[in-house]
There are 2 protein chains.
Amino acid sequence: MPTSNATAVWEGGLKAGRGHFKAGSASFEGDHSFPTRFEGARGTNPEELIAAAHAACLSMALSAGLEKGGTPATRISTKASCTIDKVGDGFKITKMRLEVRGKVPGLDPGWVRQGGGGGKEGMPGVGRCRETFSSTWTRGSNRKCH
Amino acid sequence: MPTSNATAVWEGGLKAGRGHFKAGSASFEGDHSFPTRFEGARGTNPEELIAAAHAACLSMALSAGLEKGGTPATRISTKASCTIDKVGDGFKITKMRLEVRGKVPGLDPGWVRQGGGGGKEGMPGVGRCRETFSSTWTRGSNRKCH
């Protein structure tokens, strides 16, 4: 199966140094630093990459599940929020919040009540953090299923 | 501690649909599809984002460990390669290969023999996949420690 790669360079010490990552496909790249990772400074960091991966994977997985179930989605949007905390001597991702909005013509409300088809459980790349999951589904122009 | 977020939209079915992800900081974004994720087509995918996160995190963590040990690195570069495989009915990241090159004036070769300071173990966001790790360290202009 496919292997994807990326590179990242860090120059200098932890607090004053600077990092740069780049996708092997050259589709994206970015700069990061101690302030952008741990002090809320404007910019990106590894946790934002993890959030993007989870959001992309979940939207795609839920679309696949809905299509398999006979009610393909028109559009699925996921927002992933990734929290890092100090644990012991190091840092860990302790929480991943996933908020999904989907537009699915003909959607069975029972599918939503049963947890949205289990697409979340099928995600690769999910670590050992605590996850929270919420979803809002629209069947047509004005019917909503929560 | 900080929370980072990203959004991703999927439109259409699994094989013919298309996805787009975007960092909350607006530092990066990209398009992905079934072919770019599973068929080796040119472009990005969630596993490339995971690889970038791990590479960025490991380069930064090793720099922190070396600085703490009294031999700060001038430069650390990591290449991460992430493999996804079909497991049961779904897909999982089954392998993450991490290749590190570091330039560290005054580096203690014992530190390298002992596994490079354990920076890898301290990484947040590492899932349950099999990891392989290799490293090449340069102490100055021409001394190498493998």
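The side chains of A:R75 and B:E11 meet in a salt bridge with an N to O distance of 3.7 Å, a salt bridge being a side-chain nitrogen of Lys or Arg within 4 Å of a carboxyl oxygen of Asp or Glu. The model is predicted, so local features need pLDDT of at least 70 and side-chain atom pairs count only at pLDDT 80 or more, while totals for chains, interfaces and linings use all residues. Residues are numbered from 1 along each chain as its sequence is written, chains are lettered from A and ligands numbered from 1 in the order in which they are written, and side-chain values use heavy atoms, with hydrogens and water left out.

Between chain B and chain A the count is two salt bridges. The two chains share 24 residue pairs in polar contact across their interface, both residues being at pLDDT 80 or more. A polar contact is a pair of N or O atoms within 3.5 Å; within protein, one must be able to donate a hydrogen and the other to accept it, and residues adjacent in sequence count only if both atoms are side-chain atoms. On the side of chain B that touches chain A, two or more residues each come from β1 (3-11), β2 (18-23), β3 (29-32), α1 (34-38), α2, β4 (75-87) and β5 (90-103) of chain B. Helices (H or I, at least four residues) and strands (E, at least two) are DSSP runs, numbered from the N terminus. Helix α2(B) gives the most to this side, with 17 residues. In terms of contact (heavy atoms within 4.5 Å), 71 residues of chain B meet 71 residues of chain A.

The size of an interface is often given as the accessible area lost when the parts come together. Chain B and chain A bury about 5900 Å² between them, and 60% of this lies on carbon and sulfur atoms. Buried area here is the accessible area (1.4 Å probe) that two parts lose on being put together, summed over both.

Helix α2 of chain B comprises residues 46-68. At 1.5 Å a residue, its 23 residues should span 33 Å, and its end C-alpha atoms are 33 Å apart, which agrees; the expected span is 1.5 Å times one less than the number of residues. Because 19 of the 23 residues are buried, α2(B) is largely enclosed by the rest of the structure. Buried means under 20% relative accessible area, exposed over 50%, and partly exposed in between (1.4 Å probe, protein chains only). At the start of α2(B), a side-chain oxygen of B:N45 reaches to within 3.0 Å of the backbone nitrogen of B:E47. Just after the helix, B:G70 takes a positive phi of about 90 degrees.

Chain A contains three helices and seven strands, which follow the pattern β-β-β-α-α-β-β-α-β-β along the sequence. Of its 146 residues, 49% count as buried.

Over all chains, the structure holds eight salt bridges. In one of these, the closest N and O atoms of B:R75 and A:E11 are 3.7 Å apart. This pair crosses between chains, from strand β4 of chain B to strand β1 (residues 3-11) of chain A. A:E11 also forms a salt bridge with A:R18, with the closest N and O atoms 3.8 Å apart. Of the residues involved, A:R18 is exposed, with a relative accessible area of 59%, whereas A:E11 is partly exposed at 33% and B:R75 is partly exposed at 38%. Within chain A, the side chains of A:R37 and A:E47 meet in a salt bridge of 2.9 Å, N to O. A:R37 lies in helix α1 (residues 34-38) and A:E47 in helix α2 (residues 46-68) of chain A, so the pair ties together parts that are ten residues apart in sequence. Both A:R37 and A:E47 are buried.

A:T78 is found in strand β4 (residues 75-87) of chain A and is buried, with a relative accessible area of 1%. Its side chain is joined to that of A:S59 by a polar contact of 2.8 Å. Leaving aside residues up to four places away in sequence, the residues touched by A:T78 include A:L58, A:V100, B:A6, B:T7 and B:A8. In chain B, B:T78 is found in strand β4 and counts as buried at 1% relative accessibility. The side chain of B:T78 makes a polar contact of 2.8 Å with the side chain of B:S59.
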